[in-house]
Amino acid sequence: MADATDSKSVGGNPMRVRLSPRALAMMYLLLLATGQLAAAQQPSLRGTVVSAETGYPLGFSIVTLHPNIGRQFTDAAGAFALSGTQAGTYLLSVRQIGYAPLDTQVVITGDSAPIVRIALRRLAIELPPVTIAGQQCTRPGRPDSSDAALLAVFDQLQENARRFELLADSYPFRYGLERTVRTVNQRGGGGRPSVDTIRLASNDDRDHPYAVGRVVEPAWGPWGVGDGVYVIHSADLRDLGNPDFVANHCFRLVGRDTIGGETLVRIDFEPATRIGSADMAGAAYLDSLTFELRYTETSLTRTERSALDHLRTVNFRTRFRSIARSVSLQDSLTVITTYRFGRGPTIETQRTVEIRFRRQPPSP
């Protein structure tokens, strides 16, 4: 049986061809194979990230290819592969906490891409003597290059935030917060504490970022809803990495300080003086060798200008721990709230439990 029948062209019209089902199937397979071949030939930038001092691979480094190609963690062997490139010149940014960042240009031709080896050097920061005296925050925003030590520590704080954000996007997880709330009377005693557990997902707060005037806001989702139920931001990693938070706060390097029995690197933050609403002031404490975030201390400023104007003070202390290589998550939190009239302080503690990844991140 013939696979096709044809008719001659008439009056300059193109010849029409009617294909049998078998011929159509063969043509589809040919087109599919051609598409797969084109995809296979599309250049992919590959490489490894290693320590300049030891040559050992740096797993869980962040590699980003600009403009707008992609961002990913390296695997345990320090390897990465970024696809979707075309011929051209790109900027490859490589970041690893505790190491100096590196940006380099790479050129990709039409049919191939280079295999690169990126060596990062350990970060060495010369810390100043401890300084506590504060100044009014009249020039908020990212520190400039006039204070190299402050800028280096600030960038490490931002790196902690970037790592958490990429982990939450690439390897979503769920976890619980076991909460205990106790009210203390004037004689130091108190009633029976209340205990409950809130179930959260790593991206639950994505739609509620820091914003001026919204540090105290009505509760949402897992935090509960209803009249008089509010959430107070406490400078978590999403807040500290938020561009609006950076633009509205000043940062000051205190130096080495001790908290929780550890000697850590302390960087303070405070809201701009022009902010008239309640906001956050406090400090972040980073490991002095790895620069991983270990603690934050946060206080609510101008409580009288919030929806919770009956409060006198709200002070948080958050302890962090690693849930993947050099990626921190709140381990525990203690918040002490005092009131303006006729009520003893409230002490709330939170403990993170039952972390479950939807897709397990690579091993360190």
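1. The model is a predicted one. D196 belongs to strand β11 (residues 194-201) and R179 to strand β10 (residues 173-183), so the pair ties together parts that are 17 residues apart in sequence. D196 itself is partly exposed, at a relative accessible area of 32%.

2. R179 also forms a salt bridge with E348, where the closest N and O atoms are 3.9 Å apart. This second pair links distant parts of the chain, since R179 is in strand β10 and E348 in strand β20 (residues 346-357), 169 residues apart. E348 is buried, because its relative accessible area is 16% and the cut-off for buried is under 20%.

3. A further salt bridge joins the side chains of R294 and D287, at 3.7 Å from N to O. Are these two side chains buried or exposed? R294 counts as buried at 16% relative accessibility, and D287 counts as buried at 15%. The structure holds 19 salt bridges in total.

4. The structure holds eight aromatic pairs. One of them is formed by F154 and F251: the ring centres are 4.9 Å apart and the planes stand at 65°, so the pair is edge-to-face. F154 lies in helix α2 and F251 in strand β14 (residues 249-259), so the pair ties together parts that are 97 residues apart in sequence. F154 is buried, with a relative accessible area of 2%, and F251 counts as buried at 9% relative accessibility.

5. The rings of Y210 and F245 make another pair, with centres 5.2 Å apart and planes at 80°, so this pair too is edge-to-face. Y210 is in the loop between β11 and β12 (216-218), whereas F245 is in helix α4 (residues 243-247); the two are 35 residues apart, and the pair links distant parts of the chain. Both Y210 and F245 are buried. Which residues make up the aromatic cluster? One cluster is formed by F154, Y210, F245, F251 and F269.

6. A charged group is also placed against a ring: R343 lies over the face of Y339, at 4.2 Å from the ring centre.

7. D147 is found in the loop between β9 (115-120) and α2 (148-170). At 35% relative accessibility, D147 counts as partly exposed. D147 and L253 are 106 residues apart in sequence, yet their C-alpha atoms are 9.4 Å apart in space.

8. Most residues other than glycine have a negative phi, and most peptide bonds are trans. A cis peptide bond joins H66 and P67, with omega about 5°. P67 is placed in the loop between β4 (62-66) and β5 (70-73).

9. Where does F60 lie? F60 lies in the loop between β3 (45-51) and β4. Its phi is positive, at about 65°, although F60 is not a glycine. F60 counts as buried, at 2% relative accessibility. R302 likewise has a positive phi, near 50°, in a residue other than glycine. R302 lies in the loop between β17 (293-301) and β18 (311-324), and R302 is partly exposed, with a relative accessible area of 35%.

10. The note ends with the chain as a whole. The chain contains four helices and 20 strands. Of its 364 residues, 41% count as buried. Among contacts with a separation of 6 or more, 56% are between residues 24 or more positions apart. The chain exposes about 19,800 Å², of which carbon and sulfur atoms supply 51%.

Methods. Residues are numbered from 1 along each chain as its sequence is written. This is a predicted model: local features need pLDDT of at least 70, side-chain atom pairs count only at pLDDT 80 or more; totals for chains, interfaces and linings use all residues. Side-chain values use heavy atoms; hydrogens and water are left out. Buried means under 20% relative accessible area, exposed over 50%, partly exposed in between (1.4 Å probe, protein chains only). Contact means heavy atoms within 4.5 Å. Accessible areas come from the Shrake-Rupley method with a 1.4 Å probe; for residues, only the protein chains shown count as cover. A salt bridge is a side-chain nitrogen of Lys or Arg within 4 Å of a carboxyl oxygen of Asp or Glu. Rings of Phe, Tyr and Trp (its six-membered ring) pair if their centres lie within 6.5 Å; planes under 30 degrees apart count as stacked, over 60 as edge-to-face and the rest as tilted. A charge sits over a ring if NZ of Lys or CZ of Arg is within 6 Å of the ring centre and within 35 degrees of the ring normal.
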